[in-house]
Amino acid sequence: FTGNYEEYFSMQTDVDAVVYLMLASELVKSLRPNAIMIAEDVSGMPGLCVPVAEGGIGFDYRLAMSLPDLWISLLKEAKDEHWGMNHIVSRMCNRRRGVEKTIAYAECHDQSIVGDKTIAFWLMDAEMYTGMGDDGTQGTVAIERGMSLHMIIRAITMGLGGEGYLNFMGN
């Protein structure tokens with residue numbers, strides 16, 4: 001999807017699927033008024049997180065699914081001192097702010113399912129087994145740097161990526 005609205009609203013749109021989601025949203029809200037509905041959508045479908053009464057599909061939030069991919073691609077392809085902050089900030093803020101709410105996250109289960117590493121392993125790798133300083137000594141430089149970058153990645157994602165934050169727990 002390029003962002004052109006014709007890609008979302010054309011003869012190729014599965015209207016039955018959109019109506020189904022609208023009805024499901026209304027049903028959930030009628031049964032559980034305090035329920036929070038979060039859409040897992042990579043297309044950026046406009047109106048997904050707009051109330052049905054306002055012409056939307058009715059979800060409350062969408063997952064910012066491109067953000068974990070951003071961090072993994074940066075970790076794989078560039079040294080952190082070469083990361084472009086303009087690029088990072090642009091990707092973090094690429095959403096319909098003020099119209100649809102987004103849940104940001106830095107890593108997800110998809111990465112571990114396909115055999116990729118967690119952010120911690122990309123940053124510290126095998127050094128985590130020997131250099132953590134868990135015996136009362138200070139951690140190694142690689143661990144200290146990795147932990148610092150890990151916190152920076154999460155802080156940037158939490159601060160710029162959306163109106164909520166999802167923490168991934170797993171391996």
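Ala 104 stands opposite Tyr 165, a residue of strand β4. This is a predicted model, in which local features need pLDDT of at least 70 and side-chain atom pairs count only at pLDDT 80 or more, while totals for chains, interfaces and linings use all residues. Residues are numbered from 1 along each chain as its sequence is written, and side-chain values use heavy atoms, leaving out hydrogens and water.

Now the sheet. Strand β3 covers residues 101-104, and two bridges join β3 to β4 in parallel. Strands are DSSP runs of E with at least two residues; helices are runs of H or I with at least four; both are numbered from the N terminus. Two strands pair if DSSP finds at least two bridges between them. Strands of a sheet pair through backbone hydrogen bonds, either parallel or antiparallel. Here four strands form an open sheet, ordered β1-β2-β3-β4, with parallel pairing. β1 (38-39) and β4 (164-165) stand at the edges with a single partner strand each, so one side of each has no neighbour in the sheet.

Contact means heavy atoms within 4.5 Å. Leu 67 counts as buried because its relative accessibility is 2%. Buried means under 20% relative accessible area, exposed over 50%, partly exposed in between (1.4 Å probe, protein chains only). The C-alpha atoms of Leu 67 and Ile 88 are 9.2 Å apart, with 21 residues separating them along the chain.

Last, helix α7, residues 141-160, holds His 150. His 150 is buried too, at 15% relative accessibility. Not counting residues up to four places away in sequence, His 150 touches Glu 107, Ile 119, Ala 120 and Leu 123.
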